[in-house]
Amino acid sequence: MLQLQACLAHDTSSEIDQITAPTLVIHGNEDKLVPYQNGVTLAETIPGAEFLTIQGPGHIYVTEANDLVNKRVLEFLKNK
């Protein structure tokens, strides 16, 4: 309950475009907890961000598509 309250009260959306670090946004297209469009919007708002859609998994894509996610994150980090 405390985590939900914190999520509802915390809003830094006006600061997202100030992120300067290389950013890879990863989102499962079947996420029922955080709408897919939120990931798209986040990637579009962060300057130079890359966006990776994980087809099929939901919110816990790391356990559902672990090999794909690990490979893509390592590629991203090697190139930064």
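Guide: A pocket is an open set of grid points with protein on both sides within 12 Å along at least five of seven lines, and its lining residues have an atom within 4 Å of a point. The model shown is predicted.

Visitor: How much space lies in the largest pocket, and how do its lining residues divide?

Guide: The space comes to about 590 Å³. Of the lining residues, eight are nonpolar, seven polar and one charged.

Visitor: What is the general idea behind looking for such space?

Guide: A probe the size of a water molecule is rolled over the atoms, and this shows where empty space is left.

Visitor: What is the make-up of the protein chain, and in what order do its elements run?

Guide: The protein chain has four helices and two strands. Starting at the N terminus, the order is α-β-α-β-α-α. Its C-alpha trace spans about 35 × 30 × 20 Å along the principal axes. Among the 80 residues, 28% count as buried.

Visitor: Why is Gly58 called buried?

Guide: Buried means under 20% relative accessible area. Gly58 has 11%, so Gly58 counts as buried. Gly58 sits in the loop between E2 and helix H3 (61–64). Its C-alpha is 22 Å from that of Ile46, at 12 residues apart in sequence.

Visitor: Why does Lys80 count as exposed?

Guide: The cut-off for exposed is over 50%. At 54% relative accessibility, Lys80 passes that cut-off and therefore counts as exposed. Lys80 belongs to the segment after helix H4 (66–78). The C-alpha atoms of Lys80 and Ala21 are separated by 9.6 Å, and the two residues are 59 apart along the chain.

Visitor: How many salt bridges are counted, and what makes a pair a salt bridge?

Guide: The count comes to two. The rule asks for a side-chain nitrogen of Lys or Arg within 4 Å of a carboxyl oxygen of Asp or Glu. In general, side chains of opposite charge can pair when their charged atoms come close.

Visitor: Why is the pair of Glu30 and Lys32 called a salt bridge?

Guide: The N to O distance between their side chains is 3.4 Å, and the limit is 4 Å, so the pair qualifies. Glu30 is partly exposed at 37% relative accessibility, while Lys32 is exposed at 72%.

Visitor: What makes Glu50 and Arg72 the other pair, and where are they in the chain?

Guide: The closest N and O atoms of Glu50 and Arg72 are 2.6 Å apart, which is within 4 Å, so this pair is a salt bridge too. Glu50 lies in strand E2 (residues 50–54) and Arg72 in helix H4, 22 residues apart, and the pair links distant parts of the chain. Glu50 counts as partly exposed because its relative accessibility is 27%.

Visitor: Which residues form a nonpolar patch on the surface?

Guide: Met1, Leu4 and Leu8 form it, with about 390 Å² of accessible area together. Patch members need over 30% relative accessible area, and nonpolar side chains are joined within 5 Å.

Visitor: Why does Met1 count as exposed?

Guide: Met1 has 72% relative accessibility, and exposed means over 50%, so Met1 is exposed. Met1 is in the segment before helix H1 (2–9).

Note on methods:
Residues numbered from 1 in each chain as written. Predicted model: local features only at pLDDT ≥ 70, side-chain atom pairs only at ≥ 80, totals over all residues. Heavy atoms only, no water. Patch = residues over 30% accessible without salt bridge, like charges linked within 9 Å, V, L, I, M, F, W, Y side chains within 5 Å. Areas by Shrake-Rupley, 256 points an atom, 1.4 Å probe, with all protein chains shown as cover. Buried < 20%, exposed > 50% of the residue type's maximum accessible area, 1.4 Å probe, protein only. 1 Å grid on protein atoms, 1.4 Å probe; cavity = no way out; pocket = protein on both sides within 12 Å on 5 of 7 lines; lining within 4 Å. Points joined across faces, edges and corners; volume = space filled by probe spheres on them. Nonpolar A, V, L, I, M, F, W, Y, C, P; charged D, E, K, R; others polar.
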